[in-house]
Amino acid sequence: MYPETRPNHLINETSPYLQAHAYNPVDWYPWGEEALEKAKKENKMIFLSIGYHTCHWCHVMEKESFEDDTVAALLNKSFVSIKVDREERPDLDNVYMKACQVMTGSGGWPLNLWLTPDRKPVYAGTYFPKNNHPQRPGLIAVLEQLAVLWQKDPKRVKEQGEQLVLVLNQKSEEKTEADTRFITRQVFKDFKKAYDRQYGGFSKAPKFPTPSQIDYLLAYWKHINEISAKHMAERTLGCMAAGGIHDHLGGGFSRYSVDARWLAPHFEKMLYDNALLLKTYTEAWQLTGKPSHKHVADSICKFLVDELLDEDKGAFYTAYDADSEGKEGTYYLWDKKEVVALLGDEKGEAFCEAYDISEKGNFEGRNILNRIKTYQQEAEWESSLDEEREILEQARRKRIKPNLDDKILMSGNGLAAAALFRYGKASCDSTVVETANRVVDYLMGDGFKPVVLDDVAFLVMALIERHQATQEAQALIDARKLVDAIHEKYWDAEDGGYFLTAIGHEELISRPKEIYDGAMPSGNSVMAMNLLKLSVLLGDVDLYERFQKIKHAFEGDISRAPIYYSAFMEAWLTDEQGADCIVVALAGDEEVTLGPVEGPVAERINQPLTMLVLKPDSILYSQFPSLEGKRSIDGRTTYYACDGFSCKPPTFEW
């Protein structure tokens with residue numbers, strides 16, 4: 001038996017996920033030269049296990065297998081075991097997840113692979129039970145079989161790894177000249193085909209929030225005037241907000257719902273999910289004017305600031321775990337008698353009726369708060385129960401909270417800053433904008449070094465949103481410098497598009513270029529929109545040419561299944577329809593203040609799909625061709641409406 005106090009090689013790691021495995025009997029190493037050299041020197045296969053701190057099934061596998069002496073003995077004898085936090089090393093996660101998908105047809109976390117000593121994958125899977133299961137091989141059996149195979153026929157194992165690496169390094173299919181208008185309409189048709197008319201969303205269970213898909217539909221509605229796109233987007237947002245995936249007390253959304261109704265969440269709450277959803281609900285509110293969307297945006301912002309913000313650093317933590325007190329969801333579940341005791345008989349019964357709370361329960365004998373049954377009564381239904389929800393939230397705060405993953409990641413913080421700028425501008429909340437400013441300043445300080453493209457692409461997006469919220473020209477100057485640095489370090493000069501990793505990054509078995517828009521939009525999709533917006537704001541033809549090149553690099557892949565590239569398709573649609581920018585040359589005595597511009601042009605200016613430049617005669621704007629000559633005329637506030645690279649004549653009234 002291994003003594004509990006004997007740490008492995010993870011003991012000095014800073015990641016909470018790796019720290020949680022530091023006292024496993026498995027002789028874990030972090031990814032690095034020591035472990036990789038040990039595998040080569042001892043001619044052992046590598047067991048690579050990738051997960052993250054708030055991953056429920058990662059915890060399950062740890063308790064079942066990695067804390068087990070039999071499993072540890074097998075791993076320590078025949079393998080070099082490496083544990084990786086996917087959020088710290090998204091590059092490794094991307095490369096080896098694709099290997100798993102090639103081998104098995106699917107992926108997920110925990111992600112477990114067996115590699116040759118030179119890091120080439122030969123076997124992979126996600127969750128392995130300790131012992132054989134009718135539907136899954138057991139970890140012990142896999143370890144025993146691979147150990148024997150490596151001893152008896154290492155050549156065969158190496159050849160398998162070589163073949164898989166060849167597959168991973170195959171280039172995308174040849175580019176095709178795509179019909180732009182056909183593709184932007186085809187993705188809308190694909191959404192209609194996949195749409196769940198009853199509960200919203202675009203898949204069967206499990207259901208994930210898909211902010212980039214909803215963003216595309218909202219943009220399609222506004223650009224094309226297709227009312228069914230608006231209906232699909234709003235129905236999905238409404239059903240998600242009514243479901244148990246939405247935390248009706250503390251705000252924010254869980255990772256995904258295990259059912260089609262959005263009732264039963266997988267209870268982990270991630271920074272990046274909530275940042276993206278904050279932006280989407282804010283835009284839905286701006287575009288439709290419906291208070292229900294603003295209510296949800298308010299609750300997400302509250303969750304981010306109250307629960308995930310590190311006040312000292314001015315940046316956000318990564319996530320809350322799904323588990324508390326050793327069980328998933330305990331923190332969020334309620335018994336009816338508990339609710340009635342807190343609220344009193346009359347108010348308690350009314351609240352239970354509104355939030356689907358019963359003696360029987362709606363989840364494993366207890367209750368998840370939800371408004372699914374009363375969703376159609378959405379008008380002002382939340383505000384009528386503010387007092388009751390506050391009482392329950394205060395009672396819940398006395399429970400043992402789920403574990404916090406207190407890593408501060410560049411990519412998630414970039415998304416959060418961008419969303420907060422958007423929300424703060426729309427709601428005229430200078431405190432929220434200041435919070436976003438602190439995040440960006442922290443990311444641009446000396447403490448952060450980007451790991452992958454997403455880190456810097458999302459920061460550029462935040463800088464553009466900073467300009468839109470504050471009208472500080474320096475934000476555009478910073479964004480312009482950063483896109484040049486990205487182009488220098490990440491651009492694929494041969495085939496176009498941006499690599500996931502920069503020049504000089506650790507050499508992996510492949511250098512991927514990610515375009516798929518999943519839980520987060522890909523770095524290439526975000527860079528496409530960044531380049532398009534900056535080209536219009538700055539009048540920079542070079543940036544627009546880069547946008548066209550990135551678009552051409554992925555046309556072939558996207559045209560075959562555009563629904564999987566919704567964030568990229570939004571940039572494509574915006575270019576097709578013409579990116580709007582309104583330049584407002586304020587009269588000399590007017591000041592730039594936070595909040596919507598008033599007057600006859602306000603309705604259009606305040607839309608999230610329109611970019612805005614105030615006071616173009618600022619000295620910092622002098623280097624931007626797009627603003628040349630745009631001045632107030634006769635001492636009056638003057639409006640210039642631009643579409644792409646062309647502008648209409650100036651006007652005093654809209």
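The following exercises, each with a worked solution, concern the geometry of a predicted model.

Local features are drawn from residues with pLDDT of at least 70 and side-chain atom pairs count only at pLDDT 80 or more, whereas totals for chains, interfaces and linings use all residues. Residues are numbered from 1 along each chain as its sequence is written, and side-chain values use heavy atoms, with hydrogens and water left out.

**Exercise 1. Determine how helix 21 packs against helix 22.**

Step 1. Two packed helices are described by the angle between their axes and the distance between the axes. Helices (H or I, at least four residues) and strands (E, at least two) are DSSP runs, numbered from the N terminus. Axes are lines fitted to C-alpha atoms, for helices over the stretch in contact, and angles run from 0 to 180 degrees between N-to-C directions.

Step 2. For helix 21 (residues 541-560) and helix 22 (residues 566-577), the angle is about 125° and the axes are 11 Å apart.

Step 3. Angles under 35 degrees count as roughly parallel, over 145 as roughly antiparallel, 65 to 115 as roughly perpendicular and the rest as oblique. Helix 21 and helix 22 are therefore oblique to each other.

Step 4. The crossing of helix 21 past helix 22 is left-handed; this term applies if the near helix is turned anticlockwise from the far one by less than a right angle, and right-handed applies if clockwise.

Step 5. Contact means heavy atoms within 4.5 Å. Helix 21 contributes Tyr544, Phe547, Gln548, Ile550, Lys551, Phe554, Glu555 and Ile558, and helix 22 contributes Phe568, Met569, Ala571, Trp572 and Asp575.

Step 6. Ala, Val, Leu, Ile, Met, Phe, Trp, Tyr, Cys and Pro count as nonpolar, Asp, Glu, Lys and Arg as charged, and the others, Gly among them, as polar. The residues of this contact of helix 21 with helix 22 comprise nine nonpolar, one polar and three charged.

**Exercise 2. Classify the aromatic pair of Phe191 and Tyr216, and that of Trp491 and Tyr498.**

Step 1. A pair of aromatic rings is described by the distance of the centres and the angle of the planes. Rings of Phe, Tyr and Trp (its six-membered ring) pair if their centres lie within 6.5 Å; planes under 30 degrees apart count as stacked, over 60 as edge-to-face and the rest as tilted. The whole structure holds 27 aromatic pairs.

Step 2. Phe191 and Tyr216 are 6.2 Å apart centre to centre with 40° between the planes, a tilted pair. Phe191 lies in helix 8 (residues 180-194) and Tyr216 in helix 9 (residues 211-224), so the pair ties together parts that are 25 residues apart in sequence.

Step 3. Phe191 and Tyr216 are both buried, a term that means under 20% relative accessible area, with exposed over 50% and partly exposed in between (1.4 Å probe, protein chains only).

Step 4. For Trp491 and Tyr498, the ring centres are 4.8 Å apart and the planes are at 70°, so the pair is edge-to-face. Trp491 and Tyr498 are buried as well.

**Exercise 3. Is Ser81 buried or exposed, and which residues does Ser81 contact?**

Step 1. Ser81 lies in strand 3 (residues 79-85).

Step 2. With a relative accessible area of 2%, Ser81 is buried.

Step 3. Neighbours within four places in sequence left aside, Ser81 is in contact with Val26, Asp27, Trp28, Tyr29, Phe47 and Leu75. Trp28 and Phe47 also belong to a cluster linked by ring pairs, together with Phe66, Trp114, Tyr123 and Phe128.

**Exercise 4. Locate the cis peptide bond between Trp109 and Pro110 and the positive phi of Asn225.**

Step 1. The bond joining Trp109 and Pro110 is cis, with omega about 5°. Pro110 is in the loop between helix 5 (90-104) and strand 4 (111-115).

Step 2. Asn225, a residue other than glycine, has phi near 65°. Asn225 occupies the loop between helix 9 and helix 10 and is exposed, with a relative accessible area of 64%.
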